[in-house]
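Thanks, everyone, for making the time this morning. I would like to walk you through one model, beginning with the fold of a chain and ending with the nonpolar cores.

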Amino acid sequence: MNPTATSIKLTNCAKTFADGTQALKPLNLTVKAGETIVLLGPSGCGKTTLLRIIAGLEATDQGGEIYFNQQNMTSIAIEKRNIGMVFQSYALFPNMSVAQNIVYGLKIRKLKPQAIKRRLDEMLEMMQIEALAHRRIDQLSGGQRQRVALARAIAVRPNLLLLDEPLTALDASLRDRLRSEISELLQKLGITSIYVTHDQSEAMALADRIVVMDKGRIVQIGSPYDIYHRPKNEFVANFVGNVNHHPNVFDANYLTLFRPEDVEIVEPTKGDFEAKIISVLFLGDKSRLTLDCGFKKSIYVDTTLRQNFKTGMKISMHVEAERLIKLKTTDNGPATVKES
Amino acid sequence: MRHKWLFRAQLIFTLLVCGFLIVPVILSALAGITQNFFLGIKSGVTLHWLGEVWQLYSGTIYLSLLIAIWCLIATLVIGVPAAYVLAKQNGKLARFIEEIIVLPIAIPGLAIALALIINYGGFRDFRTSWGFILVGHILYTLPFMLRSVLAVLSSTNFHELEESAASLGASFWQRFFTIILPNAKSGILAGALMVVTLSIGEFNLTWMLHTPETKTLPVGLADSYASMRLEVASAYTLIFFVMIIPLLIAMQKLSQKTNKV
Ligand SMILES: Nc1ncnc2c1ncn2[C@@H]1O[C@H](COP(=O)(O)OP(=O)(O)OP(=O)(O)O)[C@@H](O)[C@H]1O
Ligand SMILES: [Mg+2]
């Protein structure tokens, strides 16, 4: 871990905008030094607002406090917080070259010219953009801009790296490649990072812990594994993947769910339930079946079986008991989750 | 075939219009260097009239340049920060203030001049100084500077640029000088050319505000048209052209360049 990595603590941070919109309900959050946290949630749930509060671009409502390493930063301006920030639209300075963009923060910090030069070369090499150093910003592709934006944010050796949907503006294949590059980079640097996205696969790939948000609240905090396999409520279960309602387990106190990939297709006599295939989506590595078991909601099943499924066929299915997701029905409202 | 005809007709029409506009200008310019306008150019070419204009009116030329430069300085110092603040705010108040500052575009120069005289004419020293004209020019040109800078600022996402500069540690003034100003440069330059051109050519306002001691070039021109030989007036016009045309060309070039980007 990076020895300069900073821990973050938010207590009671809420945000009400001037027009009365309450974008964030009072929330607490602790980020360990060196950890990568992903804020995940649907559009408008307050991810950007939370990130901007941590950055110092927005003030929290009265009563909220922000600590970097035990130090109260609540009223410290953004330019004094020593953070690195990557914006969705990159926000590169069009009046400067790539190299000038990268060293901007170093010049502001009045580093010696040799030190600036050394850091610039290091950044260019790390992001593999040596050849672009003297280009103007409008001569770069989206992916290249993203690298420059990252290099610029990291060059100042920030205590905290904040990224707001940095990959959303890129096309799918580039997004996948940059995602794994960023993941490696964050591991290597060991900087405390907070990454905002509404893409669950991005969150899974990058996070040490995922913070799932909904309507201005934190719904669940946990490792990607926990979030996926032990979701706190139906909203989380649905947001990070697909879930089915079990068609023949009824319990007033529990909701029983399972994921499409946890279904085994079995002999007619050995199944827990059976259903008729409504549609088959062949994806190469697997097939996604949509089934009708007599309820309003269809059931989705992912199977890797090499069998030619046809619409109209009836199949029997079984889900192992430990693969069932059991949720207390009282937990299914918009839950208030206190961080432990 | 029809296309060809249409094109030719349009070309001829355009040339006619251009000729209609440009011939008097050329004649007037020639008159300024002709011995005797009524005898025509065959009476000989001379710089005599230009010399005479210089003797009589060089003061007005200096004063016009002086006022234009101060007017430029004032509109830069007031207009650029004002545009920045207005671009940053998007409340009702900001739009209202913008409307107020831009109002002089819609008000006739004569009315602005009258208002100035009624309100401040009593301060004799001020009334008789060229500062009085300067104030009128600033009122009249400020909207152009403001509009021009506002337009670039709202076409770049300067708000986000500023936030990212702040995240890199830049204080307000560092951001203003390293990010805002350089990125607003094209707008500031266009505004500056406009201000200088308008100030040098302004007549309505200035005619009302001037005193015999404080004549600008256009006021002097009007004076010479009324009381001097045609050749002198034309030579004077020629000088005015020489001053104003480079500015107009620069403005045209600049707007072409910014349109391309
Ligand atoms: N400056 C503002 N003034 C008023 N309301 C705002 C402002 N900024 C954001 N909001 C509102 O606050 C809520 C949360 O916005 P926020 O930008 O944090 O959402 P988000 O989770 O980042 O969404 P997205 O994934 O679409 O970026 C939204 O309802 C939004 O409309
Ligand atoms: Mg957002």
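Let me begin with a term: a helix here is a DSSP run of H or I that spans at least four residues, and a strand is a run of E with at least two, both numbered from the N terminus. Please keep in mind throughout that this is a predicted model.

With that in hand, chain B reads from the N terminus as α-α-α-α-α-α-α-α-α-α-α-α, which amounts to 12 helices and zero strands. Its radius of gyration is 23 Å, whereas the globule rule gives 18 Å for 261 residues, so chain B is more spread out than a compact globule. Along the principal axes, the C-alpha atoms of chain B fill a box of roughly 75 × 70 × 30 Å.

How much of chain B is buried? Buried residues account for 41% of its 261 residues, and the chain exposes about 14800 Å², with carbon and sulfur atoms supplying 72% of that area. If we take the contacts in chain B between residues at least 6 apart in sequence, 73% of them join residues at least 24 apart. As for charge, chain B has 17 positive and 11 negative charges, and their mean positions lie 13 Å apart.

Turning to the cores, the largest nonpolar core has 92 residues, and those touching the most other members are Leu10(A), Ile102(A), Tyr104(A), Leu162(A) and Ile194(A). Leaving aside residues up to four places away in sequence, Leu10(A) touches several residues, among them Leu27(A), Leu50(A), Ile54(A) and Glu65(A). A second, separate core of 53 residues includes Tyr57(B), Leu146(B), Leu205(B) and Tyr236(B).

Methods: Residues are numbered from 1 along each chain as its sequence is written. Chains are lettered from A and ligands numbered from 1 in the order in which they are written. This is a predicted model: local features need pLDDT of at least 70, side-chain atom pairs count only at pLDDT 80 or more; totals for chains, interfaces and linings use all residues. Side-chain values use heavy atoms; hydrogens and water are left out. The radius of gyration is taken over C-alpha atoms; the globule rule is 2.2 Å times the number of residues to the power 0.38. Buried means under 20% relative accessible area, exposed over 50%, partly exposed in between (1.4 Å probe, protein chains only). Contact means heavy atoms within 4.5 Å. Accessible areas come from the Shrake-Rupley method with a 1.4 Å probe; for residues, only the protein chains shown count as cover. Lys and Arg count as positive and Asp and Glu as negative; His and the chain ends are not counted. The place of a charge is taken as NZ of Lys, CZ of Arg, CG of Asp or CD of Glu. A nonpolar core is a set of buried Ala, Val, Leu, Ile, Met, Phe, Trp, Tyr and Cys residues joined through side-chain atoms within 4.5 Å.
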